[in-house]
Amino acid sequence: MAMTKMVSLKTPASFALRASSPLLFNGLLPLAYSISSSSPQTMKKIGVKASFQAKVLPNSPRGIGSVNGVNLKPRMGVMFQARRGFLSELRKMEEEEDFASELQYELPLKIVKYPDSRLRAKNKPINKFDEKLERLADEMFDVMYKTDGVGLSAPQVGVNVQLMVFNPAGERGKGEEVILVNPEIYKYSKKKDVFTEGCLSFPDIYADVERPISVKIKAWDIKGKKFILSLKEFNAQIFQHEYDHLQRILFFERMHPDILETIRPALQDLEQKYEIRTGMLAPERVKGHIQD
């Protein structure tokens with residue numbers, strides 16, 4: 001994102017959250033589960049433990065007993081089969097989670113410009129926090145500073161993962177560098193304001209965009225620790241612009257139709273340059289405003 005206004009940013013310390021809660025299975029078998037919010041696999045990777053006590057009631061017919069004090073009819077085989085099905089479903093959920101595979105990128109990184117299809121590709125969540133991820137974030141900052149940006153998302157350098165970096169100062173050694181992995185917005189302010197935005201993927205195009213003036217987010221840091229963050233004004237504007245990229249939304253789609261019309265010729269010029277450069281038809285043509 002290309003912007004000029006500077007506002008200081010306070011980044012809270014990261015934290016890890018653990019919670020436990022009882023879960024009733026089939027109305028009879030209590031299960032306990034543990035969720036670790038310090039991992040991006042929260043709510044997908046659930047360790048299940050059965051708290052199970054069975055006894056035969058005095059003078060009861062064969063096969064009738066109790067589980068945790070609840071009288072049972074002879075249907076234990078069905079219960080255990082259902083329990084195995086439940087555990088299998090949990091394992092399946094974990095296996096099917098669409099996390100990014102091994103990070104693949106070429107150095108030096110280059111800015112992907114509209115209408116390149118990589119700006120619309122799905123950006124997968126990250127679950128491997130290693131030196132390769134750290135190197136990618138460092139290289140993204142380097143590209144961002146060299147192109148006079150204040151924020152940059154991974155798809156803008158052709159890497160389709162849930163990663164963004166920003167520094168409202170827009171200069172190395174000043175301000176605060178923020179790295180967000182798998183970010184999510186959980187609260188928007190009702191109040192909105194208009195900011196003039198530019199985008200590194202849309203060189204020399206600037207226009208007004210209205211957005212909420214504050215957001216509350218949750219994300220993981222570069223080491224894999226989850227934290228929450230409150231952003232206001234310019235910092236919130238930068239974040240929302242880069243977050244849109246991770247959601248495959250481009251900033252001209254947030255503009256009022258009248259504002260969009262003022263930059264339509266510039267967008268069409270980028271489409272034409274893409275076709276000349278690649279020898280292929282532009283993968284998209286500018287349309288219009290999208291609804292929130």
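Ser 189 sits in the loop that links strand 9 (178-188) and strand 10 (192-199). This is a predicted model.

**Ser 189 and its contacts**

- Ser 189 has a relative accessibility of 17%, so the residue counts as buried, the cut-off being under 20%.
- The Ser 189 side chain makes a polar contact with the backbone oxygen of Lys 191, at 3.0 Å.
- The Ser 189 side chain also reaches the backbone nitrogen of Ile 213, at 3.2 Å.

**Positive patch on the surface**

- Four lysines, Lys 187, Lys 190, Lys 216 and Lys 232, form a surface patch of positive charge.
- Lys 216, one of these patch members, belongs to strand 12 (residues 214-220).
- The relative accessible area of Lys 216 is 33%, so this lysine is classed as partly exposed.

**Cis peptide bonds**

- Most peptide bonds are trans.
- The bond from Leu 107 to Pro 108 is cis, and its omega is near 0 degrees.
- Pro 108 falls in the loop between helix 1 (76-96) and helix 2 (131-146).
- A cis bond also runs from Tyr 114 to Pro 115, with omega near 5 degrees.
- Pro 115 is likewise placed in the loop between helix 1 and helix 2.

- Most residues other than glycine have a negative phi.
- Asp 148 has a positive phi, near 60 degrees, although the residue is not glycine.
- Asp 148 lies in the loop that joins helix 2 to strand 7 (151-153).
- With 61% relative accessibility, Asp 148 is exposed, because the cut-off for that class is over 50%.
- Asn 182 has a positive phi too, near 50 degrees, and is again a residue other than glycine.
- Asn 182 is part of strand 9.
- Asn 182 is buried, because its relative accessibility is 6%, and buried means under 20%.

**Points to check in the viewer**

- Which two backbone atoms does the Ser 189 side chain reach? They are the oxygen of Lys 191 and the nitrogen of Ile 213.
- Is Asp 148 buried or exposed? Asp 148 counts as exposed, at 61%.
- Is Asn 182 buried or exposed? Asn 182 counts as buried, at 6%.

Conventions:
Residues are numbered from 1 along each chain as its sequence is written. This is a predicted model: local features need pLDDT of at least 70, side-chain atom pairs count only at pLDDT 80 or more; totals for chains, interfaces and linings use all residues. Side-chain values use heavy atoms; hydrogens and water are left out. Patches are made of residues with over 30% relative accessible area and no salt bridge: like charges are joined within 9 Å, nonpolar side chains (Val, Leu, Ile, Met, Phe, Trp, Tyr) within 5 Å. Accessible areas come from the Shrake-Rupley method with a 1.4 Å probe; for residues, only the protein chains shown count as cover. A salt bridge is a side-chain nitrogen of Lys or Arg within 4 Å of a carboxyl oxygen of Asp or Glu. Lys and Arg count as positive and Asp and Glu as negative; His and the chain ends are not counted. The place of a charge is taken as NZ of Lys, CZ of Arg, CG of Asp or CD of Glu. Helices (H or I, at least four residues) and strands (E, at least two) are DSSP runs, numbered from the N terminus. Buried means under 20% relative accessible area, exposed over 50%, partly exposed in between (1.4 Å probe, protein chains only). A polar contact is a pair of N or O atoms within 3.5 Å; within protein, one must be able to donate a hydrogen and the other to accept it, and residues adjacent in sequence count only if both atoms are side-chain atoms.
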